[in-house]
Amino acid sequence: MKEKNDNVVWRLLRCNISVTQLAGYALAGLTGLTILLTALQLYRDVTHAREHDDTLISRDYLIISKKVSGGLTSLFSGGNSTVFSDAEIEEISSQPWARKVGSFTASDFNVAASVELGGRGMSTYLFFESIPDEFFDVRPSGWDFDPERDNTVPIVLSKDYLSLYNFGFAASRGLPQISESTISLLPLKVSVSGRGRQQWLNARIVGFSSRLNTIAVPEGFMKWANENFADTPSEGPSRLIIEADAKGDPGVESFLRSHGYEAAGDGAVSGKANYVMSLTTGVVGAIGIVISALSLFILLLSIWLLLQKNSEKIHLLLLLGYTPSAVARYYYMIVAGVNCVVLIGALIVTAIVQQWWATPLQAIGASPASLVPTLLIGLGLMTLVTAINMISIRHKIISRYFQS
């Protein structure tokens with residue numbers, strides 16, 4: 001009996017439903033949500049590709065140093081100081097875009113390395129630097145050093161250095177080219193010397209970085225080696241690594257230029273690109289939000305008009321003993337159904353559009369980000385919109401109930 005009554009009520013209330021108005025809302029909602037989700041997914045894909053280019057350090061960062069100036073006379077007079085003072089480091093740390101500032105610690109001792117390649121020995125002088133471990137997103141395996149327990153030195157090598165060897169030095173000398181996986185297996189020997197002492201240590205390459213343009217070792221090893229082999233104490237850091245809140249912000253470049261600092265590598269360039277990408281995504285996303293808000297207004301207006309047209313019928317149902325919640329349930333079904341169609345359609349279109357840029361990303365060895373977070377954001381937005389619709393409907397019917 002209840003099911004029969006429900007069918008009668010449903011047929012009674014749906015008489016004045018405007019399919020055109022609902023279709024207009026669905027089209028506007030689909031357009032707005034698709035623009036918003038597509039912009040979000042594009043930003044996530046580009047950011048994902050940039051960050052996964054380096055698995056060790058993927059956060060926004062800047063490596064800065066002072067510009068070296070002076071002519072020929074500076075070769076003999078020492079030129080300008082490139083060391084950062086405590087006051088300068090404190091000033092940089094106080095900038096709104098600087099989340100965290102760390103210092104590069106340089107080796108104040110002599111370093112040499114030797115390796116056997118294809119039956120031929122090769123040795124060279126090197127330099128070491130270290131940065132605080134907190135600047136590594138993922139600490140390399142075995143990233144520690146204890147002279148009492150193990151004398152093996154873990155090393156993170158710049159990918160640029162390996163490329164220089166393979167395509168420059170090895171190609172011209174007839175030496176074999178080596179991959180990242182192969183060089184990690186090579187038995188390296190490292191000599192550290194100073195203060196009239198020398199010690200040979202085992203070494204192994206435990207990771208590669210496209211962002212650290214150096215030969216990095218753990219801070220523990222650097223502290224031990226400087227204490228035991230450094231002829232003179234270091235004057236201070238000549239390079240700083242900064243975890244930046246928005247390294248592409250024009251304020252960053254303005255600060256560096258006004259203080260005579262320069263950013264190493266492509267950090268500044270990629271930062272500007274990331275900043276422009278963020279602004280573009282924000283603008284496009286804002287357009288999507290505006291369109292979605294307008295579509296929400298269209299749906300609310302359509303529902304209000306429908307409630308107004310059915311005012312007498314709703315009044316009659318309330319007099320017959322139907323509760324406001326029972327009457328509102330039919331309008332809830334309409335809203336939830338239309339919003340579900342909008343969400344599914346927007347996600348399908350976003351997934352299709354993503355394929356347009358997924359192929360170029362894969363061509364350069366990068367992979368797009370997962371669609372799951374975008375799906376959850378879209379679901380959350382449409383849940384919020386549906387909740388607003390339902391609250392408005394309930395409020396309208398309850399007000400009609402008290403009028404009766």
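Modeller: I begin with a term for strands: two strands pair if DSSP finds at least two bridges between them. Helices (H or I, at least four residues) and strands (E, at least two) are DSSP runs, numbered from the N terminus. The model is predicted: local features need pLDDT of at least 70 and side-chain atom pairs 80 or more, while totals for chains, interfaces and linings use all residues. Residues are numbered from 1 along each chain as its sequence is written, and side-chain values use heavy atoms, without hydrogens or water.

Colleague: How many helices and strands does the chain have?

Modeller: There are 12 helices and 12 strands in the chain. Of its 404 residues, 41% are buried (under 20% relative accessible area with a 1.4 Å probe and protein chains only; exposed is over 50%, partly exposed in between).

Colleague: And what is the mean pLDDT of the chain?

Modeller: The mean is 75, and 70% of the residues reach 70 or more; pLDDT is the predictor's confidence in each residue, from 0 to 100. Among the elements, β6 has the highest mean, 91, whereas helix α3 (residues 74-77) has the lowest, 50.

Colleague: Over which residues does pLDDT stay under 50?

Modeller: Residues 1-6 stay under 50, and the model gives them four contacts beyond four places in sequence. Contact means heavy atoms within 4.5 Å.

Colleague: Let us turn to β7. Why is it described as largely enclosed?

Modeller: Because seven of the seven residues of β7 are buried, the strand is largely enclosed by the rest of the structure. T152, P154, V156 and S158 point one way from β7, and V153, I155 and L157 point the other way; all are buried.

Colleague: Which way does β9 run against β7, parallel or antiparallel?

Modeller: β7 and β9 run parallel and are joined by seven bridges. One example is S158, whose bridge partner in β9 is S209. With strand β10 (residues 215-216), β7 runs antiparallel, through two bridges. There, I215 of β10 is the bridge partner of L157.

Colleague: What do the buried residues of α7 pack against?

Modeller: They pack against β3 (105-106), β6 (129-130), β7 (152-158), β8 (188-194) and β9 (197-209). The buried residues of α7 (residues 219-229) are F221, M222, W224, A225, N226 and F229.

Colleague: Which residues touch the most other members of the largest nonpolar core?

Modeller: That core has 30 residues, and F109, F128, V153, I155, I183 and F221 touch the most other members. A nonpolar core is a set of buried Ala, Val, Leu, Ile, Met, Phe, Trp, Tyr and Cys residues joined through side-chain atoms within 4.5 Å. At least two residues of the core come from each of β4 (110-117), β7, α5 (159-173), β8, β9 and α7. The largest share, five residues, is supplied by α7. Another core lies apart from this one; it has 16 residues, including L22, Y331, M382 and V385.

Colleague: What is I183 in contact with?

Modeller: Leaving aside neighbours within four places in sequence, I183 is in contact with L157, L162, I178, I205 and F208.

Colleague: A change of topic: what is the order of strands in the open sheet?

Modeller: The open sheet has four strands in the order β2-β11-β1-β12, with antiparallel pairing. Its edge strands, β2 (98-103) and β12 (261-263), each pair on one side only. Between β1 and strand β11 (residues 239-244), five bridges are found, and the two run antiparallel. In that pair, I64 stands opposite L240 of β11.

Colleague: Why does S65 count as buried?

Modeller: S65 counts as buried because its relative accessible area is 17%. S65 is found in strand β1 (residues 61-66). Beyond its neighbours within four places in sequence, S65 is in contact with F84, S238, R239, G260, Y261 and E262.

Colleague: Finally, where is R195 placed?

Modeller: R195 is in the loop between β8 and β9. Its phi is near 60°, a positive value in a residue other than glycine.

Colleague: Why is R195 called partly exposed?

Modeller: R195 counts as partly exposed because its relative accessibility is 49%.
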